[in-house]
Amino acid sequence: MNAQTIATFAFLIIALLLGGGGSRFAMQEMLVYLAAIPALALTFAQNNALGTTTRYLRPAKYFVLAVLFITVLQIVPLPPSIWTALPGQETLTEAAAIVGQADSWRAWSINPEKTLASGLYILVPATAFFAVSRLTTENQIRLIGCMVAVAAVHMLVSLGQSLSGGQSFYMYQTTHMGLPIGIFANRNHAAMMFLLCLILSPALLAARLNSAAPFRKMLFGVAALAFAIAILATSSRAITVLLGLSIVFIALISIPSQHRRKGVFAVLAGAIATIAVVLAAWWNNNLGSLQNLGERFQQSDDHRYEFWPETIAAAGQYFPFGSGIGTFDEAFRGQESLDIVGTHYVNHAHNDYIELIIENGIIGVFIVLALIAILIPAIRFIIRGHAAKQLTDLPLLGLLAVTAIAFHSLVDYPLRSLALAAMAGAIFAICLSVLGGRHAITSIDSVNKK
């Protein structure tokens with residue numbers, strides 16, 4: 001391993017261990033930022049690109065740089081004739097007039113300090129993307145192994161939390177204390193990490209073990225079972241649904257082509273039977289660990305449905321320019337009605353797409369469309385290559401992981417966790433690496449021979 005590879009591995013490991021606390025835990029965040037510096041510096045210090053991969057990764061790299069540029073643009077002071085004309089700035093304009101600063105220059109963002117902090121935050125997934133895109137296929141597989149190993153550490157901590165009755169082994173003081181959340185502050189983020197590792201682990205096992213080994217499927221089954229139990233224990237509803245869909249998808253792509261028709265029926269039958277057994281056991285109170293999860297699925301007073309209309313109103317107030325990256329709190333408070341004020345503090349929109357539009361306006365829409373446009377060539381290439389048996393399962397599983405994050409972002413904010421943001425950046429780079437001819441079956445065979 002060269003220095004850049006070592007720095008990349010160290011950065012990802014530190015991000016996954018210390019990046020699960022959120023913005024309220026500045027010390028852990030600072031350590032993740034410090035770890036990103038050498039990884040990013042050594043990555044850009046490399047003069048040699050990885051062959052043809054640069055051609056396909058270039059649009060994604062420009063996209064990341066464009067997002068960072070937008071962040072900088074939002075904190076540049078503007079003359080009063082410009083910033084006062086921006087939608088949503090009426091309150092700030094009146095306040096400036098009252099204190100005699102009507103002629104002062106202000107930034108596009110309604111809170112430049114938070115926008116600057118968000119710019120530092122964006123550097124974490126950006127560093128993961130740039131650094132992992134420079135790794136060889138073998139080192140990318142090793143990196144997945146490190147992610148799974150860190151997830152195992154989280155599971156061990158979760159086990160200690162469960163054995164202590166939810167009283168010990170917590171790194172953060174959060175409202176989710178009492179649940180087996182590992183080294184995270186949020187159960188949904190912990191569950192998402194377990195899910196991503198469950199999705200990627202088959203590719204790791206396929207690369208590191210002989211495909212004819214009789215215990216390969218058993219090892220995957222044990223790993224999948226452990227991650228699945230950890231997910232269910234967190235009582236995360238969204239991740240539980242994604243877990244079921246992911247397991248079915250992985251089972252389907254694992255079926256040999258000559259047994260595809262029978263295999264599909266077997267997978268569907270197994271899924272239906274499993275759901276029936278779990279529901280029957282829960283109905284009869286025979287699975288105490290699932291009781292809390294079942295009760296959460298029955299809840300009809302989910303608070304996010306109450307404040308989503310307010311978040312949409314905030315998006316309209318600041319459209320088309322947005323309130324500035326990282327300023328959801330201030331933008332939402334201006335629209336929050338007394339009807340939804342209660343014991344729950346709304347720190348995010350619980351829908352990353354709405355929050356993206358609130359903070360960036362029409363640029364947020366273009367960001368989502370640009371991501372889709374960048375992924376479309378990779379999706380087509382991966383699906384065709386996998387169908388023709390010219391690619392390993394790794395790119396397809398990486399695409400499944402990206403899809404899981406995208407769907408979870410509809411009801412939560414997974415990418416607001418530094419740990420998950422770093423994982424997302426790494427997985428995104430692995431998916432796009434396939435367009436340069438990497439992750440072909442021959443490359444995995446060469447890994448197995450070493």
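Residues 24 or more positions apart supply 77% of the protein's contacts (heavy atoms within 4.5 Å) with a separation of 6 or more. This is a predicted model: local features need pLDDT of at least 70, side-chain atom pairs count only at pLDDT 80 or more, and totals for chains, interfaces and linings use all residues. Numbering runs from 1 along each chain as its sequence is written, and side-chain values use heavy atoms, leaving out hydrogens and water.

**Overall build**
- The protein has 19 helices and two strands; these are DSSP runs, H or I of at least four residues for helices and E of at least two for strands, numbered from the N terminus.
- Of its 450 residues, 49% count as buried, meaning under 20% relative accessible area with a 1.4 Å probe, protein chains only.
- Carbon and sulfur atoms hold 68% of an accessible surface of about 21400 Å² (Shrake-Rupley, 1.4 Å probe).

**Aromatic pairs**
- The whole structure contains six aromatic pairs; rings of Phe, Tyr and Trp (its six-membered ring) pair if their centres lie within 6.5 Å, with planes under 30 degrees apart stacked, over 60 edge-to-face and the rest tilted.
- Phe129 and Phe428 form a tilted pair, 5.5 Å centre to centre with 35° between the planes.
- Phe129 lies in helix α6 (residues 112–133) and Phe428 in helix α18 (residues 418–433), so this pair ties together parts 299 residues apart in sequence.
- Both Phe129 and Phe428 are buried.
- Ring pairs join Phe44, Phe129, Phe130 and Phe428 into a cluster.

**Charge over a ring**
- Arg106 places its charged end over the ring of Trp83, 5.6 Å from the ring centre; the test is NZ of Lys or CZ of Arg within 6 Å of the centre and within 35 degrees of the ring normal.

Key. Buried means under 20% relative accessible area, exposed over 50%, partly exposed in between (1.4 Å probe, protein chains only).
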